[in-house]
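Here is a short report on one protein model. Look over the fold before reading on.

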Amino acid sequence: MILRLALGAVTGAVLGYGWYKLVGCSTGTCPLTSHPVISTVYGAVLGALVASSLH
């Protein structure tokens with residue numbers, strides 16, 4: 001269970017940072033994708049949530 005959460009968080013963090021690097025926010029009005037740390041943490045949280053919901 002803990003390993004699944006950790007893997008989900010790491011995968012989500014990588015995807016969140018990748019989203020920032022590829023898409024980012026060209027207008028500067030996107031609070032979740034305008035900063036790399038926020039995107040990474042947001043991805044990690046979402047990854048852990050998705051991993052915890054899978055059985």
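The report covers the basis, the overall fold, the first helix and the surface.

## Basis

This is a predicted model: local features need pLDDT of at least 70, side-chain atom pairs need 80 or more, and totals for chains, interfaces and linings use all residues. Residues are numbered from 1 along each chain as its sequence is written, and side-chain values use heavy atoms, without hydrogens or water.

## Overall fold

The protein chain has two helices and zero strands. These are DSSP runs, numbered from the N terminus (helices: H or I, at least four residues; strands: E, at least two). The C-alpha trace spans about 40 × 15 × 15 Å along its principal axes.

Of the 55 residues, 22% count as buried. Buried means under 20% relative accessible area, exposed over 50%, partly exposed in between (1.4 Å probe, protein chains only).

## Helix α1

Helix α1 covers residues 2–22. Its buried residues are G8, G12, A13 and G16. Seen down the axis of α1, they fall within an arc of 135°, so they line one face of the helix. The arc is that of the directions from the helix axis to the C-beta atoms.

The buried residues of α1 pack against α2; contact means heavy atoms within 4.5 Å. On the other side of α1, the exposed residues are L3, L7, V10, V14, L15, K21 and L22. G24 follows α1 and has a positive phi, near 60°.

## Surface

The protein chain exposes about 4,000 Å², and carbon and sulfur atoms supply 77% of it. Accessible areas come from the Shrake-Rupley method with a 1.4 Å probe; for residues, only the protein chains shown count as cover.

Conventions. The expected span of a helix is 1.5 Å times one less than its number of residues.
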